[in-house]
Amino acid sequence: MKLERFRRRTRAWGRRQLFSLFSSLGTLMSHRAGTLMTVLVLGIAMALPVGLYVTVKNLRALDLKQEQWGTITVFLKTEADQDAAQALNDMINGRVGMTSDVISPAQGMAQFREASGFGQALDMFEENPLPWVVLVTPQPAEDVPLEAAVAQIEEWLLQQEDVDLVQVDFKWLQRLAGLLALGDALISVLTVFFSLAVVVVVSNTIRMDVANRSEEIQVLSLVGAGEGFIRQPFLYSGFWYGLLGATLALLLFNGCLFYLKRPLEGLLDAYGNSFTVHNLDGVGVLFVFFAGGFLGFIGAWVSVQRYLRMINTDGMLGRF
Amino acid sequence: MITFERVTKQYEGGTAALRDVSFHLDPGEMVFLTGHSGAGKSTLLRLILMLEKATRGQVVVDGNNLTRMPMRLAPKIRRNVGMIFQDHKLLKDKTVFDNVSLPLMIAGLRYQDIRKRVRAALDKVGLLSKEKAWPLTLSGGEQQRVGIARAIVGMPPVLLADEPTGNLDPELSRDLFGLFEQLNAQGVTVLIASHDLALIRRMGRRVLVLSQGCLADDIAGADLAGARA
């Protein structure tokens, strides 16, 4: 008996939801231009944080992949010979988490000649002024930050007998890390502001919807509709706005990415990095949809609730 | 079915719309409520619909004491009272069928049941052929009957009407009151606010007379001059 009643109520609830769903879609479709404008604004508002998020994500991938930016160049003292270089090299290779290579003065000269274009000037040297060099590449374990690993190795290297100078491309790393931290902070700030913007835009749109349909709302109230029944279609509308906005945001973002991908990869190739641009992953896409729908829902809730409070004040409803 | 016990409704600003009004309607009664404009007819109906709350006294409808009930339960009360408005209060952007089906949509009935009951209600008011029409394409009398169909589709035990013949010519008004009589004959308690005294007299039903917020008279149907034999 009780179960039967529960089932009947659940079904009635489901039917009301269905009614609200179609009613809300009908409203969106009935003023398409307005809907489109709102969705456009929402799409742009949501595309910005998404874009920044993916940018930072790509930079981070860059950081992890391009270990050569963490490469340490160890210049030995001029009096150190090949044996000393080889010994140091063996020692480094024996340590966990790094590999190294020896570059002889002759090799160094050849590379420099090629890369710098100072070939003729170099011919003026009677003997090769370059010292032996050991190129160390740290390969820290997953959980150790590259910067920390590099700092540690640098310290150790400086204590070695034949080492004259240790040069780290470290500033680069520090700057990148700083930029990434800034990017993260920026994402947080942007996300908060643009979420607020989405709520406000949807709330305002729904407020106008509600005002346009105030007559309908009053009639519904007069024939016995509860707050839930009145609220529901607007909440669905808000949800649709948010969801459509999220869809547009993803489309806009992917459009931009498609347009920027080629030049970006070309640019990075020129710097000698083979690099592919990462897009938002599946979880990210789902999150954008979810966030859009949820924020739209909240925006609608704010507006409808305010209106319901107003008409439910004693005596405000349906003057006749 | 409807009991008012020393009901006073005072609006902010001081004027009392109803003063110390008491009466009782038995289930299945059909009663007219009359008085000049501003006498408090609408306020009385609004109290039964829980659109407002009495300042003092008790309003009891179908066993529910509305004065003690929280406003959030008002929709539940309204679903048990069919209300017919002078200006019909139909939704212009919905067909006749959709307008009439609103109370059933709110109740969450199955579409098949809604369809059946809406058609039955429209049939009762003689508008079955107009179910797909838009309200604005109908005459005033037809719109009023759509309003009645909407009021009775949920089969409420109580039917209220506020000046239902306000904009209708005498012949249509008579038809409409005939319709109310039919519904009343099926056991529905009917309370009609009207100032069409000639017609009220002809109906020979009990009449409540409001004057400046007070219940001035409560005339039994049999006592009406010109009542049908």
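## A hairpin in chain B

In this predicted model, β4(B) and β5(B) form a hairpin with two residues between them, and Asp62(B) in the turn has a positive phi of about 50 degrees. The strands named here are DSSP runs of E with at least two residues, and helices are runs of H or I with at least four, each numbered from the N terminus. Strand β4 covers residues 56-61 of chain B, while strand β5 covers residues 64-65 and runs antiparallel to β4(B), to which two bridges join it. Within this pairing, Val61(B) stands opposite Asn64(B).

On another side of the pairing scheme, β4(B) is also antiparallel to strand β1 (residues 2-10) of chain B, over five bridges, where two strands count as paired if DSSP finds at least two bridges between them. Glu5(B) has Gln58(B) in β4(B) as its bridge partner.

Leaving aside residues up to four places away in sequence, Leu159(B) touches several residues, including Gly82(B), Ile84(B), Phe180(B) and Val190(B), a contact being heavy atoms within 4.5 Å.

## Chain A and its surface

Chain A has 10 helices and four strands. Of its 320 residues, 41% count as buried, that is, under 20% relative accessible area, whereas exposed means over 50% and partly exposed lies in between (1.4 Å probe, protein chains only). Among contacts in chain A between residues at least 6 apart in sequence, 82% join residues at least 24 apart.

Phe287(A), found in helix α10 (residues 282-311) of chain A, counts as exposed because its relative accessibility is 55%. Together with Phe290(A), Phe294(A), Phe297(A), Ile298(A), Trp301(A) and Val302(A), Phe287(A) makes a nonpolar surface patch of about 670 Å².

## Basis of the description

Residues are numbered from 1 along each chain as its sequence is written, and chains are lettered from A in the order in which they are written. Local features need pLDDT of at least 70 and side-chain atom pairs count only at pLDDT 80 or more, while totals for chains, interfaces and linings use all residues, and side-chain values use heavy atoms, with hydrogens and water left out.

Methods. Patch = residues over 30% accessible without salt bridge, like charges linked within 9 Å, V, L, I, M, F, W, Y side chains within 5 Å. Areas by Shrake-Rupley, 256 points an atom, 1.4 Å probe, with all protein chains shown as cover. Salt bridge = Lys/Arg side-chain N within 4 Å of Asp/Glu carboxyl O.
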